[in-house]
Amino acid sequence: MIMTDTENMSFKKQSRMVYLKLLLIAVISTAISACAALWIAENFFFDKFFYQKSLTHGYWPPERSDLSLKSFGKRGEEIFELKESAKDFNPHKSTPVLGAKDDEVFTIAVFGDSLVWGNGLKEKDRFVTILEKKLNKITPTRVLSLAHPGDSLLDNYIKVQVTSSYKPDIDLVIFTLVDNDLFFNEETRYNETLYKEIISGCNKKPLLRTSQFEPLKDSTAEHERYMSNLEKSFSDKYGNVCVFETIAARLPQQKTMYFIFGPQFNTPWMIGRLRKTLEENKLTIVTPETLSEIEFGSREWKSMFVSKQELHPSVTANRIFAEKLFQEITLNPRWVFTEVMGQ
């Protein structure tokens, strides 16, 4: 049977439509398969596919020397701005104005390390992001994330000093602490002048510097060495405790809460030492009691970490942090958030 020109054109048109539909189906199927594979990899094989590889999850791949804090979007923008401001900061010429409000947005500054930065988490799952979203449903709120992996207690204190001068609209400071905060970094990490001034009265004893443990890279022996150094950082044989006590005496009492995450490696006595020193200096402590109620080593306890190898707080743990802070900020008149709500 011979087709007419009209029929032939119609046939070709239909063939093209069928081809385009099949191509569209193939593209959609491939996209769905890729998304499914990505979801499975992230949720069931995190350590093999994402650990220390994904910018989206807050990691800085060792081979990516081209990256900067700005490469991490909102997660890195605010700490980048702080680091730039810290370079020329002079503690003897600056006038702290922390808490002076100059706009209608309730502004919270959260200081910390990788637990605030959110190692292993997407931006939307970090407790600072969750907290900002919850508070914004009540009144316009901005939560600044002034954190960087590896930052110590000393680094966080320096950051508070710098921020109190260059950001005059802070209504509430949340100063976070965890058991490895007494390890110290290089002097030039934020501001060398302030760093040296703080440790000047404590450097007669040796200072323990940053001691990291990477589960996927380090051996059992290196883990034991890390735990040994962690205990030493709380020993009076080293100057780290002296630095902590010096800082605690200088930390602000007004419009500042001290949020203790809790022990990461079943070290409650270390957290107890941190708490005791803060209490002696009449500083307000807040901690997620829910975590202390969870039995060490249980399935629920394990769910508080990103994965078996990535021992940073999980999405679930970050939701607990956010809820605790939300309740504290909205229900305790000390933080004046209730006054803002009533305006």
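This is a predicted model: local features need pLDDT of at least 70, side-chain atom pairs count only at pLDDT 80 or more; totals for chains, interfaces and linings use all residues.
**View A. Strand S3, covered on both faces.** Six of the six residues of S3 (residues 172-177) are buried, so the strand is largely enclosed by the rest of the structure. In a regular strand the side chains alternate between the two faces of the sheet. Here Leu172, Ile174 and Thr176 sit on one side, with Val173, Phe175 and Leu177 on the other, and all are buried.

**View B. The neighbours of S3 in the sheet.** Strand S1 (residues 106-112) runs parallel to S3, and four bridges join the two. Look for Phe111 standing opposite Phe175 of S3. S3 also pairs with strand S4 (residues 256-260), again in the parallel sense, over five bridges. In that pairing, Ile174 faces Met257 of S4.

**View C. A few of the salt bridges.** The structure has 20 of them. In helix H3 (residues 74-87), Lys87 and Glu84 are three residues apart, about one turn of the helix, and their closest N and O atoms are 3.0 Å apart. Lys87 is exposed at 55% relative accessible area, while Glu84 is partly exposed at 35%. Elsewhere, Arg189 meets Glu186 at 3.6 Å, N to O; Arg189 is buried at 14%, but Glu186 is partly exposed at 42%.

View D. Met17, Tyr19, Leu20, Leu23 and Val27 together make a patch of about 500 Å². One of them, Leu20, lies in helix H1 (residues 5-44) and is partly exposed, with a relative accessible area of 48%.

Technical notes:
Residues are numbered from 1 along each chain as its sequence is written. Side-chain values use heavy atoms; hydrogens and water are left out. Patches are made of residues with over 30% relative accessible area and no salt bridge: like charges are joined within 9 Å, nonpolar side chains (Val, Leu, Ile, Met, Phe, Trp, Tyr) within 5 Å. Accessible areas come from the Shrake-Rupley method with a 1.4 Å probe; for residues, only the protein chains shown count as cover. A salt bridge is a side-chain nitrogen of Lys or Arg within 4 Å of a carboxyl oxygen of Asp or Glu. Buried means under 20% relative accessible area, exposed over 50%, partly exposed in between (1.4 Å probe, protein chains only). Two strands pair if DSSP finds at least two bridges between them.
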